[in-house]
Amino acid sequence: MGDQKWVILLLTLFPGTVKATSECFCLSENLAVGAVAVQSSTYNYLGAAQNAVDGNSESNYMLGSCTHTAGDNPWWKVDLKEVHKVIRVSITNRGDCCAERIIGAQIRIGYSLANNGNSNQLAAIVDFIQSGETKTFDFKPVKGRFVNIFLPGQGKYLTLCEVNVFAAKGTTLR
Ligand SMILES: [Ca+2]
């Protein structure tokens with residue numbers, strides 16, 4: 001009963017405080033938007049690496065908001081600048097063609113730039129994403145600064161129309 005009285009007192013004096021602690025804001029904001037992105041190669045002027053973190057999930061490649069590699073074993077990487085406990089990545093697939101190209105893409109997260117970051121911890125593998133759709137991948141926290149999308153194989157093209165990265169909030173590790 002004593003605890004209940006304390007709660008009532010807190011609610012009376014500090015209603016905002018009690019409300020905040022009773023709700024769960026577990027995710028950070030999207031850490032990828034505006035961050036620096038690079039990729040293994042670029043197919044043409046429409047397919048820059050930065051297009052996957054421009055805050056625009058437009059899925060028509062011709063409108064210049066998607067990435068597009070050229071060459072084998074393509075990869076794309078975003079630098080979060082700090083180490084985070086990443087728990088969610090969402091990917092928007094190309095919508096005007098070629099949705100199947102995303103199959104088998106690996107989400108890899110870590111600190112290392114060895115092998116361009118493509119040997120960092122495997123967090124999830126893309127089975128398929130419908131044409132123009134955004135798919136969310138949730139996984140156990142993986143600490144890292146670099147988030148890679150790696151698509152191993154010959155004759156593969158990697159196109160990402162938007163990539164969002166979320167961490168457990170308040171867990172930035174300096
Ligand atoms: Ca985009």
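A residue is called buried when its relative accessible area is under 20%, exposed when over 50%, and partly exposed in between, using a 1.4 Å probe and protein chains only. Welcome to a predicted model, in which local features need pLDDT of at least 70, side-chain atom pairs count only at pLDDT 80 or more, and totals for chains, interfaces and linings use all residues. Residues are numbered from 1 along each chain as its sequence is written, and side-chain values use heavy atoms, leaving out hydrogens and water.

**View 1. The protein has two helices and six strands.** Helices (DSSP runs of H or I, at least four residues) and strands (E, at least two) are numbered from the N terminus. Along the sequence, their pattern is α-α-β-β-β-β-β-β. Of the 174 residues, 43% are buried.

View 2. Donors are N, O and S atoms, within 3.2 Å for Ca; water is not among the atoms, so the site may look incomplete. Asn51 (O), Asp54 (OD), Asn56 (O), Ser65 (O and OG), Cys161 (O) and Glu162 (OE) lie 2.2 to 2.5 Å from the ion. Serine 65, in the loop between strands S1 (36-39) and S2 (75-92), and glutamate 162, in strand S6 (residues 162-167), are 97 residues apart. Both serine 65 and glutamate 162 are buried.

**View 3. Threonine 159 sits in the loop between strand S5 (134-150) and S6.** Why does threonine 159 count as buried? Because its relative accessibility is 7%. Leaving aside residues up to four places away in sequence, threonine 159 touches Cys66, Thr67, His68, Asn93, Arg94 and Ile102, where a contact means heavy atoms within 4.5 Å.

Conventions: Donors are N, O and S atoms within 2.8 Å of the metal (3.2 Å for Na, K and Ca); water is not among the atoms, so sites may look incomplete.
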